[in-house]
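Here are a few exercises to work through with the model open beside you. Try each task on your own before reading its solution.

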Amino acid sequence: MKKIAIAVAVALAAGSAYAQEKTVKIAGFGAKSGVVRSFGVNSEAAMIAAADVINNQGGVKLADGSKAKIAVEFYDDRCTAEEGISIIRRIYGTDAVVAVGPTCSNVAEPLFGILQKKVDDKGDSGLQMPVFTDVAIKIGLARISEWAFRNVPNETTMYSSLFYWLKTKYPDVQSVYGGVEEDFAHSRASWYAVMKDRAEANGYKVIGNSKWLVNDTNFSTQVREIKHANADIVAISAHPFTTCGVLKEMQRQGVKPKLLVGLTSSSSLETLQGCAKQAEGIIIPTSFAPVTKEGKAAAETTAKFKGAADLHSMAAWENIFILKQVMESEGISADKSQLQADRRKVRDGLAKLKQTQGLLGVTRRTEDREADKPYLFVQAKGGSWVVLHNPL
Amino acid sequence: MLDFLQTLSDGVLFGAIYALIGIGFTLVFGVMHKINMAYAAASVGGAYAGLLVLKAVAAAPAWMVFFGAFLAGGMLGWLVYVTCFHFIPLSSPLAPLMSTVGMLLLIDEVIVHLTAGMPQNYPAMFDDVMLRFGEFTLRGDLLLVFGISVLAMIGLLALLYRSRLGLATRAVAQQPIAAQLCGIRVTRVNALTFVIAGLLGGLAGALIGASVGALSPLLTTPLTVKGLVVTVIGGLGSIPGAIVAGLLVGGFENLFQQFRGVTERDMYVMLLLFAFLVFRPGGLFPAKS
Amino acid sequence: MDFYFGLAQTVGIHTLLGLSAYIVLLTGQVSLAQAAFFAIGAYSAGMLTVLAGWHVVPALGVGSMLGAVTACAVGFPALRVKGLMLVVATLAFGEGVRLFFFNFDYQVAKGGIRVGPLGGEGFRQIRFFQEHGWTTGEVMLFIWVFVIAVMALLWWFDRSRYGAVLRSVGEDEVAAQSVGINLTAVKVSAMTVGGAIAGVGGGLYAHYTTHIEHANFNVLLATFAIAYPIVGGLRTVFGTLTAVIFVQAFLIEGLRFLGDWRNLLFGALIVLAMNLRPHGLFGRHGA
């Protein structure tokens, strides 16, 4: 009887010691369904991988000096606004101190809309939950709420730099013609507000642009317009499926511009899977390639958790490390009774940041809670993405 | 003028794809008086399954992949029949409709799961062939699709009007009870209709993949909508109607795009449908009652 | 708690969408246009609260009325088209409305920024509830007031002569006509009521998601609209409500723990439900 009592006491003691190990919960969410499924899968893997590295190094240091492990829980929002909103409310009801996501810009916009617009605005019943976005890239979204932060590349800076570099490298290249996916928020904004604007700013003549829709399949008219325009550079602001459709039609009609420029998020495996041969030579600015020691390590670790490393998933990786830094500098408690205070601390910490450490180099944080990430230019060569120019 | 002709011909040739999908919808409707909403999804699914041929036989020629898609389409057609039409009493019209919607969602999801949603490069035949007449060009691969549509139509009409199965099918379509009394096994005829439509659908899916250059789950919804529009314009149950309507819709669609831009294009296609519904509700080739 | 209130909001709005299709289905018309009336309600109510500063209640009233007027206009040509052709025609109409909003720009400068619908980019910042400090619970109650009112109205129809008339037209048009029922009046009125219900639902939808765009009102939403009453059964409005709870609460949220499998189950369960209960969970009238 005594032996059992001791065994039970030891078990209880061990159990409570185990229970005393604190965890800080970070919620991830994104699209794990539909054509954007790979984004969610990769972001989840990157987040879990990053948390694993941090936990192996001891975890996050809390305000009282103890250490806590990071626990990541990922939710699938199926790239729909309603589910995204439902998920952020669900996350709010858990003990997660911050949410990382979403994947889709059409989810981010409504989701940021239900957050409290200005901190400490008592009359605003919006949700008070910090959201740190890894993927949703449509321009200008973090402005919607002071609880929204993003670690996505600044397309304006990248394309400005790209066009400038192209002008210096190929001085006889003068004109640009665009191809735009009109019915998708990101690609549409990226042509009119970014590519077209920045090309003109760098001295290019923008002859015009052709339009199509995100699930179009017949591009003969648009490619004929591209052919007639006979521009030196053809810039395609579209996602992999239609980009490939257009490129294949261009091959069929014998349209060969001097240079091809693509959309940031198309610098992924998808484009190469769909049309590696026709995409040969396309130049895209991106905020990740495994060229640094940290970048290579991150890619390898993420691969162990069955995720691919690209500019989107690696932003999620960076986010976890940035959050660790913020949590430590603000001193969170990881105590359930202080949950809302912890969330506020994370938000304030993110707002205070002037720069963060990214996998390519130092990222500057802007006034409107966006990021100015270091970038480089990649080119599709022989079925894979090769670094064309590294401005760092 | 040349621009106009080129746009028109590009559209009409692409319409051959809509024609193939329309034939499948109209065939099922003609026999069972039901819409199979899952048809385009099953066709695309068949096309994906065709890619498995490439896994089995490295660097297989395009026609082998098409054949694989053909067979897979037939199997999927049978599956849709069993899950949506075999057990559900045909007297409840809404249940099979909703069930096919469920199958559409299921097939789409299976495709997304197996391919992680990424576009898959599709092999093509004659995709580098462009017939040129001066400035005017015709896509060789779309001419192939058109040729196959015509062959499919001839084959199906021959089947329907020259074979015992066709006779049985027409009997079931006109008077299912009388057909049963004559000893025709209605369930067998219905199942076979789905299989034949599925075979054609699988081939259609493969040809679509080849024409577009890549397969993506994004194809399902527009093909379903266009397929239904083509079926109605052509006349529900009319196979030649589906072909003519497919070419018509393809041509008009491209012309609308040329003149009003891509964002308004589909609105005009819908208006075209409404024009038919108002002035010629039976479609181009109305069913003789 | 917020999460459950949010879920109840979703269920409420989808119930309104389903009920708008339910009343039309009673007359034997399968309408894939309900998402279009939903969209009209959404954009108009949103524009009134955001651009004109109206209170949400009159805005919803206008949204509902516009939905009803459009539905009435659609109801007349719909009479000429029977059965499955109606399905395609309403689908085409729905797509047409969606494309209209895809091309619709109406922006006004308010306090330094431009607000309003902007074509493909959508209509952002419809924040009436948040700006006026409504809590999630209060919004939920607000939405459910409408849901309960509509359910009560339809339940009352079912108990009255109007309901019997609707269902008789749905059962057998020729027989109904032979007892002197005016088919036009019945079918168009059902369509109009459906449009009004969808208009309210849409207006509420715009305010609860704060951002709407054309892609929200696509073929999938139109399909969901008829799926709820078909899966729930046409015997009673509770069928539609049950189907909405089954899909939104159980399938979408409740099965989240299944991860990837959730999506596969979705289609599979619909197929299964239709095979096991072809007349819907609650069955059909008189069965």
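**Exercise 1.** Find where helix 10 of chain C kinks, and describe how that helix is covered.

*Solution.* Keep in mind that this is a predicted model.

Step 1: Follow helix 10 of chain C to Ile226(C), where a kink of about 25 degrees lies shortly before the proline Pro229(C).

Step 2: Check the span. The 14 residues of helix 10 of chain C reach 20 Å from first C-alpha to last, close to the 20 Å expected at 1.5 Å a residue.

Step 3: Turn to burial, taking a residue as buried when 20 or more other C-beta atoms lie within 10 Å of its own. Twelve of the 14 residues of helix 10 of chain C are buried, leaving the helix mostly covered. Both Ile226(C) and Pro229(C) are among the buried residues.

Step 4: Look for what does the covering. It includes helix 5 (94–115) of chain B, along with helix 1, helix 2 (34–50), helix 4, helix 11 and helix 12 of chain C.

**Exercise 2.** Describe the sides of chain C that touch chain B and chain A.

*Solution.* Step 1: Begin with chain B, where 34 residues of chain C are in contact with 35 residues of chain B. Helix 4 (83–102), helix 10 (219–232) and helix 12 (261–276) of chain C each give two or more residues to this side. Helix 4 of chain C provides the largest share, twelve residues. By type, this side of chain C has 24 nonpolar, seven polar and three charged residues.

Step 1: Now take chain A, where 29 residues of chain C are in contact with 26 residues of chain A. Here the largest share of chain C's side, five residues, comes from helix 1 of chain C. The residues of this side divide into seven nonpolar, 13 polar and nine charged.

**Exercise 3.** Work out the strand order of the six-stranded sheet in chain A and what lies against it.

*Solution.* Step 1: The sheet is open and mixed, with its strands in the order 2-3-1-4-5-6. Strand 2 (60–61) and strand 6 (148–150) of chain A are the edges, each pairing on one side only.

Step 1: Zoom in on strand 6 of chain A, which pairs with strand 5 (131–133) of chain A in the parallel sense over three bridges. Val131(A) has Ala148(A) as its bridge partner.

Step 2: Helix 12 (339–352) of chain A lies across strands 4, 5 and 6 of chain A, at about 45 degrees to strand 4.

Notes: Residues numbered from 1 in each chain as written. Chains lettered and ligands numbered in written order. Predicted model: local features only at pLDDT ≥ 70, side-chain atom pairs only at ≥ 80, totals over all residues. Contact = placed C-beta atoms within 7 Å. Helix = DSSP H or I, 4+ residues; strand = E, 2+ residues; numbered from the N terminus. Nonpolar A, V, L, I, M, F, W, Y, C, P; charged D, E, K, R; others polar. Expected span 1.5 Å × (residues − 1). Bend = angle between axes of the 7 residues up to and from the residue. Pairing = 2+ DSSP bridges. Axes fitted to C-alpha atoms, helices over the stretch in contact; angles between N-to-C directions.
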